[in-house]
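Subject: Structure handover

Dear colleague,

Please find the structure below. My notes on one helix pair and on some salt bridges follow it.

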Amino acid sequence: MSPLWIAVHLPLLPLEVFRPNWLDEVAAVVFERERVAALSAAARACGVHEGMRRGGVQLLAPEAQLQERDPAREQAALEQTALALLQYTPQVSLAPQACVLLEVSASLRLFGGIRALCRKVRVSISRLGLSATLSCAVTATGAWMLARYGDVRTVRERSLRRRLDRLPVVLLSAAQAHLEWLHGLGCRQLGQLRALPRAGLQRRCGKALLDMLEHAYGEAPEVHDWVVAPPVFQARVELPDRIEQTDILTAYAQALLTQLAGWLTARQLAVKQLRLWLEHERGRQAVAPTDLRIALSAPAWQEDHLYSLVKEKLARSTLPAPAIALGLAAEELERRQPASDMLFPEPGGSAEDHQRLLELLVARLGADKVRQAAPRADYRPELANRWCSVMQPAASLPAPLSTDAARLPPRPLWLLDEPVPLRVLQHKPFYRTPLEFTSPPERIEAGWWEGRPSTRDYFTVRDAQHAYYWIFRQWHGGECPEEEPQWFLHGLFG
C-alpha cells in the first residue's frame, strides 16, 4: 500500500488560538516586532496587509483587535491539534511553519475514502476553533508544501510532480538564504530549480536543499517523529472574557472534547466519568471553581455523544460567578471493547445506542428521574418491584427472577401507588361504570412471614367503554373474620 499524507496548515494560527467560530468576522491583527504578521479577513478588507506598521493599522482599522504574537501559545495549539487528529490515524507528526502531517493510507477504508476523511478533519479543526488549509499527496514534504501554497489534493505521484514543478522556490525553507541568487538565475519555480546541475547546486546551497527536494518528489525516504499521546488527559483553556452564559461555554468545551476524542482513540480507551471545572475570579474576590462530574453508565469514546452529555450538564448548571477558564479531565477509564462482529445489525439499535440514550436522558433530567425496574421475589404486586437509578451498577441490582413470566397471569402496565377503594352496587364493584369480570380469580396470599398476612383475589374487569382494569377483593382475617370483603382498583391495562 503506497503512503498517502494529509497536511494541515494553520495559516492564521496566532489569530485562531482558542477562538470560537462565532468570532470569525472580527477584524483582528497579530504583530511581530511592530509589524503585521497575520490578520483576519475582516482586517484585510479594511486595507491592512502583512508587514504594515502599527500606526498604519490603527489608522485604517481603529476598532481592530490588536495582539502580540505568542510563539508558546501557538506551539501549544499546534500540539493540541495534533492530539485531536490522532482519532484518524496513529501516525501524526508536527512539521515546521505551523503544519500537522497525517499518514492516512491505512485509514481510508475506515472513514470512507480520502474525500470523506478530509471533511472529517476539517470538522475537527473547526471544533477546535481554528482555520486550516488541507492538502493531500503521496509524500509528506510534498503535502506540506502544497498545504502552504493552497488547498490542493493529489493522490498520484505523476500529478504530484507536475504540481510541485509549478510551486515557487520560496516554499523551500532550505532555500530562504539563497533566494536572491536563485532569482538572479531566473529560477523561481521548483521545476526550474531541479533543472540546475546537482553538483553545483549542492556546493552553493548545501545538501539540505537537495534533501528537501528529494523528499518532496519521493526520491528519498523520510523520517518522522510521531506524536505520542500523554498517559493521562487533562486540558484547560483560558476564556477571552468573563462569560456568564453556559451556552457559550459549550463552544469551548467542544474544543476540549475534540482533543479528548483523539486521546481516547490513540490510547484505545473509553471513559466512564468526566470532570469539568469552571474557574472564576482570582485574587481578593476569589470564587471557588465550579466542579461538574458527568458519570456514564457504560464506557464511551464517541465525541458527539460526550458533547451532548456535556451540553446538557452545562445547560442545567447555574454559575455562581462569571467563568474565566474551563478545564476537562478523564477520570475513570476502561479498555475499549472491540466492535461487534455480527453480520446483520441488531433490530432497534445496538446496546451501545441504548446506553447513549439513557445517558442523554440522565444528563437532561437528572439521575433520580430516570430509573430502571429491579424485580424482587415477592408475590405481593406492590412489593414485587422497586425502581433504581439507571446509573446504578448492574452488580448491585437484585438477581433476575427464575420464574418464567410467560406462565404468570396477565399483569397491567400501570400499577397504582396506592389501591383505590371501589364502591359496590348490586353486589358488583363499580368504577365510573359497572365493571364486568373477564377472568377467573387469581388468589395471592402472602405476608404471613412478616406478621402482616394478606389474602386477595385478583380479577381482570372491563367497564362500559371497554377499558380494562385490575382489581382485587381483600379478605379480612384474624380479628375481624366476619367483615365483608372490600374491593380495590390496583392497576390499569394499556
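Is Glu-34 buried, partly exposed or exposed? Glu-34 is partly exposed, with a relative accessible area of 39% (buried is under 20% relative accessible area, exposed over 50%, partly exposed in between, with a 1.4 Å probe and protein chains only).

Two points on how to read the values. This is a predicted model, in which local features need pLDDT of at least 70, side-chain atom pairs count only at pLDDT 80 or more, and totals for chains, interfaces and linings use all residues. Residues are numbered from 1 along each chain as its sequence is written, and side-chain values use heavy atoms, with hydrogens and water left out.

Salt bridges

The count comes to 22 salt bridges, where a salt bridge is a side-chain nitrogen of Lys or Arg within 4 Å of a carboxyl oxygen of Asp or Glu. Glu-34 pairs in this way with Arg-54, with 3.0 Å between the closest N and O atoms. Because Arg-54 sits in helix H3 (residues 54-60) and Glu-34 in the loop between strand E2 (28-32) and strand E3 (35-39), their pair ties together parts that are 20 residues apart in sequence. Helices (H or I, at least four residues) and strands (E, at least two) are DSSP runs, numbered from the N terminus. Arg-54 is partly exposed, at a relative accessible area of 22%.

Asp-291 forms a salt bridge with Arg-275 (2.9 Å, N to O). Asp-291 belongs to strand E10 (residues 290-300) and Arg-275 to strand E9 (residues 269-279), so this pair links parts that are 16 residues apart in sequence. Asp-291 also forms a salt bridge with Arg-293, the closest N and O atoms being 3.3 Å apart. Relative accessible areas are 37% for Asp-291, 23% for Arg-275 and 39% for Arg-293.

Helices H13 and H14

The axes of H13 (residues 246-267) and H14 (residues 303-315) come within 9 Å and cross at roughly 150 degrees; axes are lines fitted to C-alpha atoms over the stretch in contact, and angles run from 0 to 180 degrees between N-to-C directions. The two helices are therefore roughly antiparallel (the term applies to angles over 145 degrees). Residues in contact (heavy atoms within 4.5 Å) include Leu-249, Ala-253 and Leu-257 in H13, and Leu-306, Val-310 and Leu-314 in H14.

Regards

Terms used
Angles under 35 degrees count as roughly parallel, over 145 as roughly antiparallel, 65 to 115 as roughly perpendicular and the rest as oblique.
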